[in-house]
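Please examine the sequence and the model before reading on.

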Amino acid sequence: MKHGHQYTHEPARAKLTLSLRVVGLLPDGYHALEALTVALDDPADEVMVEVRQEPGVELLVEPAGSAPVDDTNLAVRAATAVLERAGAAGARIGLHKAIPMGAGLGGGSADAGAVLRVLGRALRVPSDDLHAIAASLGADVAFCFAGQPAWMRGRGDDLEPVVLPAALPVVVATPPFGCSTPAVYRSWDELGGPRDVRLVAAPAALAPLTVALTNDLEPAAERLEPRLVSFRRRFEAAIERPALLCGSGSSYAAVFDDEPSWQRALERARQALGTRRVWGTWARPRPI
């Protein structure tokens, strides 16, 4: 990010929902979830924050148009809340986007989590206050702020940290179109709240946590956006194993037991789908 200002840099890592069950409706209308969630090395946005004396929050986004720059952006809302809590004047945020929008990878929430970490450190805001702000911003922000593998429950802000015995190799593929999270949940409601019948055996490293991975939102997303089905099948044919929808879509992911099979699958997926939106990445046991 240019303009000659001194920024503090922070990665905003994509969120991967390894397994997701919708277990009910909450009084506020949100769907109650039970989801096993990890942070990925890639794709990742880069967030740059400068505390300044001028009041307000200024957001600069690259590439231009890859995210909103007004207060609908979760990064702006996160910065505003921290500044108010700390009694500080303003901040300038630079945001370099690499996580696709509408991909089910939590890009906006990841950006907000990174802003909370940077401004929280700079302005010495207590961690409990930052967690409360994160929970108030959206279902995924609390997880993205913490970055620790966890079961997400309730709206997503009830986190039970878990221990991964080792890093997990993952291949993620994103089609050239996105999905609207509210629309996918509406589709799930219209279908009568289906549970996904597709169960994918969990890799050995996840055996202490779960034996199978699934995503209850997958039938709703594929009903809403039929192009997802053909994309998933192409991806699965290339990697020669089942893949699951990431969150509410539109990305799909597969987790591997060993690096050689992961590397072979990554190469085949890139040959079949192109390199621009296929990532060979890792889910880490702890925040990095």
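**Exercise 1.** Identify the residues that are linked with Arg-198 in a network of salt bridges.

*Solution.* In this predicted model, the network joins Arg-198 and Arg-232 with Glu-218, Glu-222 and Glu-236. Side chains of opposite charge can pair when their charged atoms come close. The structure as a whole holds 22 salt bridges.

**Exercise 2.** Determine which parts of the chain are linked by the salt bridge between Lys-15 and Asp-140, and decide whether Lys-15 is buried or exposed.

*Solution.* 
1. The closest N and O atoms of Lys-15 and Asp-140 are 3.7 Å apart, and the cut-off for a salt bridge is 4 Å, so the pair qualifies.
2. Lys-15 belongs to strand 1, residues 8-25, while Asp-140 sits in the loop between helix 3 (127-137) and helix 4 (141-146). The two residues are 125 residues apart, and the pair links distant parts of the chain.
3. The relative accessible area of Lys-15 is 4%. Buried means under 20%, so Lys-15 is buried.

**Exercise 3.** For the salt bridges Arg-92 with Glu-58 and Arg-85 with Asp-129, state the elements involved and the exposure of each residue.

*Solution.* 
1. Between Arg-92 and Glu-58, the closest N and O atoms lie 3.0 Å apart.
2. Arg-92 has a relative accessibility of 11% and counts as buried, whereas Glu-58, with a relative accessible area of 27%, is partly exposed.
3. For Arg-85 and Asp-129, the N to O distance is 2.4 Å. Arg-85 is in helix 1 (residues 74-86) and Asp-129 is in helix 3, so parts that are 44 residues apart in sequence are tied together.
4. Arg-85 is partly exposed at 41% relative accessibility, and Asp-129 is partly exposed at 25%.

**Exercise 4.** Describe the largest pocket: its space, its lining and the elements that contribute to that lining.

*Solution.* 
1. Rolling a probe the size of a water molecule over the atoms shows where empty space is left. In the largest pocket, that space is about 930 Å³.
2. The lining consists of 41 residues, and those nearest the centre of the pocket are Gly-106, Ser-109, Asp-140, Thr-181 and Ser-248. Asp-140 is also the salt-bridge partner of Lys-15.
3. Two or more lining residues come from each of strand 1, strand 2 (31-52), helix 2 (107-123) and helix 5 (181-190). Helix 2 provides the largest share, four residues.
4. By kind, the lining divides into 19 nonpolar, 17 polar and five charged residues.

**Exercise 5.** Characterise the surroundings of His-31 and of Ala-89.

*Solution.* 
1. His-31 is located in strand 2 and counts as buried, at 11% relative accessibility.
2. The side chain of His-31 makes a polar contact of 2.8 Å with the side chain of Asp-189. Leaving out residues up to four places away in sequence, His-31 also touches others, among them Val-22, Gly-154, Tyr-185 and Trp-188.
3. Ala-89 lies in the loop between helix 1 and strand 4, where it counts as partly exposed at 36% relative accessibility.
4. Ala-89 and Gln-53 are 36 residues apart along the chain, yet their C-alpha atoms are separated by 5.5 Å. Apart from neighbours within four places in sequence, Ala-89 is in contact with residues including Arg-52, Gln-53, Pro-55 and Leu-83.

**Exercise 6.** Locate the cis peptide bonds that join Asp-42 to Pro-43 and Gly-249 to Ser-250, and examine the backbone at Arg-124 and Glu-240.

*Solution.* 
1. At the bond between Asp-42 and Pro-43, omega is about -5 degrees; Pro-43 is in strand 2.
2. At the bond between Gly-249 and Ser-250, omega is about 25 degrees. Ser-250 is in the loop between strand 10 (244-245) and strand 11 (252-255).
3. Arg-124 is not a glycine, although its phi is positive at about 55 degrees. Arg-124 occupies the loop between helix 2 and helix 3 and is exposed, with a relative accessible area of 76%.
4. Glu-240 has a positive phi near 60 degrees and lies in the loop between helix 7 (227-239) and strand 10. Its relative accessible area is 61%, and Glu-240 is exposed.

Note on methods: Residues numbered from 1 in each chain as written. Predicted model: local features only at pLDDT ≥ 70, side-chain atom pairs only at ≥ 80, totals over all residues. Heavy atoms only, no water. Salt bridge = Lys/Arg side-chain N within 4 Å of Asp/Glu carboxyl O. Buried < 20%, exposed > 50% of the residue type's maximum accessible area, 1.4 Å probe, protein only. 1 Å grid on protein atoms, 1.4 Å probe; cavity = no way out; pocket = protein on both sides within 12 Å on 5 of 7 lines; lining within 4 Å. Points joined across faces, edges and corners; volume = space filled by probe spheres on them. Nonpolar A, V, L, I, M, F, W, Y, C, P; charged D, E, K, R; others polar. Contact = heavy atoms within 4.5 Å. Polar contact = N/O pair within 3.5 Å; in protein donor to acceptor, adjacent residues only side chain to side chain.
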